[in-house]
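Colleague: I have not looked at this one before. Can you put it up and walk me through it?

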Amino acid sequence: MAGERYDVIVIGTSQGGRFLPIDLARAGKRVALVERDHLGGVCVNTGCTPTKTMVASARVAQLARRAAEYGVRTGPVSVDLAAVRERKRAMVAGARENYVSRLAQDGLDLIEGEAGFTGPKTVEVALKDGGTRTLGAPVIIVDAGARSRPLTLDGARDVPVLDSTSIMELEECPEHLIILGGGYIGLEFGQMFRRFGSEVTIVQTRPRLLMPEDDDISDAVADILRDDGITVLTSAQPERVEDAGGGRLRLLLRTAEGERWIEGSHLLSAIGRIPNTEALAPAAAGVRLDDRGFIEVDAHLETSVPGVYAMGDIKGGPAFTHLSYDDYRILHANLLTQEKLSTRDRIVPYTVFIDPQFGRVGMSERQAREQNRAVRIAKLPMSAVVRAIEAGETRGFMKAVVDADTGQILGAAVLGAEGGEIMSIIHVAMLGKLTADHMANAVFTHPLLAEGLNSLFGTVNE
């Protein structure tokens, strides 16, 4: 095995890759940790931490505008986006420093540079400061993540195009922000900047927002965004973008009604993410990729090359930090205690941090019916939840999919105040194999939002 010898090489430092090398080093392994950019990966630097920090600022602005509804007097509300950005930067710096402080472990060698395979168990690192290092190890773990998909639209090279990272560095609110993409990223930034004071238009090529969800969820989310003053255009195919002069741009759309031009000041591309596999040169190691360029892994997160593993976003599937952390849990157990944990039957929850939040776990109604399952659907508007009424947060609804024969909860969606937190209660109930009857008869503190779960699951047999 050529080059410097290690027991383990970890490439990348996302949520899972942050902790696994530390644990391996503490267990006596000689570990090389390779990072080409900022320590902490997407979540700390350009994902969860900064976006949710800015979402919090946007919510405060919205609540301030609604203050009179609660009998509170305020003056005119405006947003200092530069101050919001500085608060975000401080949060990121703190989270990054917290991680860096944990790296002083015996046997952990932090190497700053970009790694690429030169063989099944060897990598070459192009160092940030120049030069290269060649490393070899019997175990290699790839945690190199993903990045925003470039916009290839005709004319995109001739106008400034923001992505989910660069938009957070703006120091002034866009006059009119046009967003391409109706997924999680587009919706969160759309509502955020609307609350900061921008005019916002979301352009979705598909017939609905959040296409994987049931129609009633997608429709309700679109209604909420429109209620917030956001223009939502669905089944609208971007054809061309061009400079309109005066710091503005024009976007040509093809719709069922024909061609349509819209004009704005800023353009955000939120059309998906692609894996960071090019410089990694997986073919040199014999590591197989799928047809989208993501690394293929088995249920134990091992690639086509024995001893080479992948975790987090680079292996495809839902791009959620908590899944990367669960990948870490699996690899930690399998590599350090020789267990055989796997991703089979993993229940995947997620939350879209619009306001009200949208929390989802397990099957949707559409998925259950496509599998020809006998199901009952429980549904409860947030306007029937006492705490939501008292808080003035009645938009949205709860929905659960229940096996008609066993009463087992197959999935749930909560679009409402603290929807992600309420969904998490249902998630835990699913992990514990609790039935709809258990949830209908549980005692929840009055008047919490979770108390609505009694009523939700109480409707299953009606």
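Predicted model: local features only at pLDDT ≥ 70, side-chain atom pairs only at ≥ 80, totals over all residues.

Colleague: Fine. What is the strand order in the open sheet of eight strands?

Modeller: The order is S1-S6-S5-S4-S3-S2-S7-S17, and the pairing is mixed.

Colleague: Which are the edge strands?

Modeller: Strand S1 (4–5) and S17, each of which pairs on one side only.

Colleague: And what holds strands together in a sheet, in general?

Modeller: Backbone hydrogen bonds, with the strands either parallel or antiparallel.

Colleague: Take S4 and S5. How many bridges join them, and do they run parallel or antiparallel?

Modeller: Strand S4 (residues 108–119) and strand S5 (residues 122–127) run antiparallel and are joined by six bridges. The two strands form a hairpin, with two residues between them.

Colleague: Which residue in S5 is the bridge partner of glycine 113?

Modeller: Leucine 127.

Colleague: What about S5 and strand S6, how many bridges there?

Modeller: Five, again in the antiparallel sense, with S6 covering residues 132–136. Threonine 122 has glycine 136 in S6 as its bridge partner, and glutamate 124 stands opposite threonine 134.

Colleague: How many residues lie between the strands in the hairpin of S5 and S6?

Modeller: Four, and glycine 130 in that hairpin takes a positive phi near 100°.

Colleague: On to helices. Which strands does helix H1 lie across?

Modeller: Helix H1 (residues 15–26) lies across strand S2 (8–11), strand S3 (31–35), S4 and strand S7 (139–142). Relative to S3, H1 runs at about 160°.

Colleague: Now H3 and H5. At what angle do they pack?

Modeller: About 45°, with the axes 8 Å apart; H3 is residues 48–65 and H5 is residues 184–196. H3 and H5 are therefore oblique to each other. The crossing of H3 past H5 is left-handed.

Colleague: Which residues in H5 does H3 meet?

Modeller: Glu188, Phe189, Met192, Arg195 and Phe196. On the H3 side the residues include Thr51, Met54, Val55, Ala58 and Arg65. Sorted by class, the contact of H3 with H5 has seven nonpolar, three polar and five charged residues.

Colleague: And H3 with helix H4, how do the axes cross?

Modeller: At roughly 140°, and the axes of H3 and H4 (residues 81–100) come within 9 Å. H3 and H4 are therefore oblique to each other, and H3 passes H4 in a right-handed crossing. H3 contributes Thr49, Pro50, Thr53, Met54, Ala56 and Ser57, while H4 contributes Leu81, Val84, Arg87, Lys88, Met91, Val92 and Ala95. By class, the contact of H3 with H4 has eight nonpolar, three polar and two charged residues.

Colleague: Last topic, isoleucine 295. Where is its place?

Modeller: Isoleucine 295 is in the loop between strand S16 (273–275) and strand S17 (308–310).

Colleague: Is isoleucine 295 buried or exposed?

Modeller: Buried, because its relative accessibility is 2%.

Colleague: What is isoleucine 295 in contact with, leaving aside neighbours within four places in sequence?

Modeller: Among them are Val142, Thr277, Leu280, Val287, Leu289, Ala310 and Ile314.

Colleague: And what separates the C-alpha atoms of isoleucine 295 and arginine 248?

Modeller: A distance of 40 Å, with the two residues 47 residues apart along the chain.

Terms used:
Residues numbered from 1 in each chain as written. Heavy atoms only, no water. Axes fitted to C-alpha atoms, helices over the stretch in contact; angles between N-to-C directions. Parallel < 35°, antiparallel > 145°, perpendicular 65-115°, else oblique. Left-handed = near helix turned anticlockwise from the far one by under 90°. Contact = heavy atoms within 4.5 Å. Nonpolar A, V, L, I, M, F, W, Y, C, P; charged D, E, K, R; others polar. Pairing = 2+ DSSP bridges. Buried < 20%, exposed > 50% of the residue type's maximum accessible area, 1.4 Å probe, protein only.
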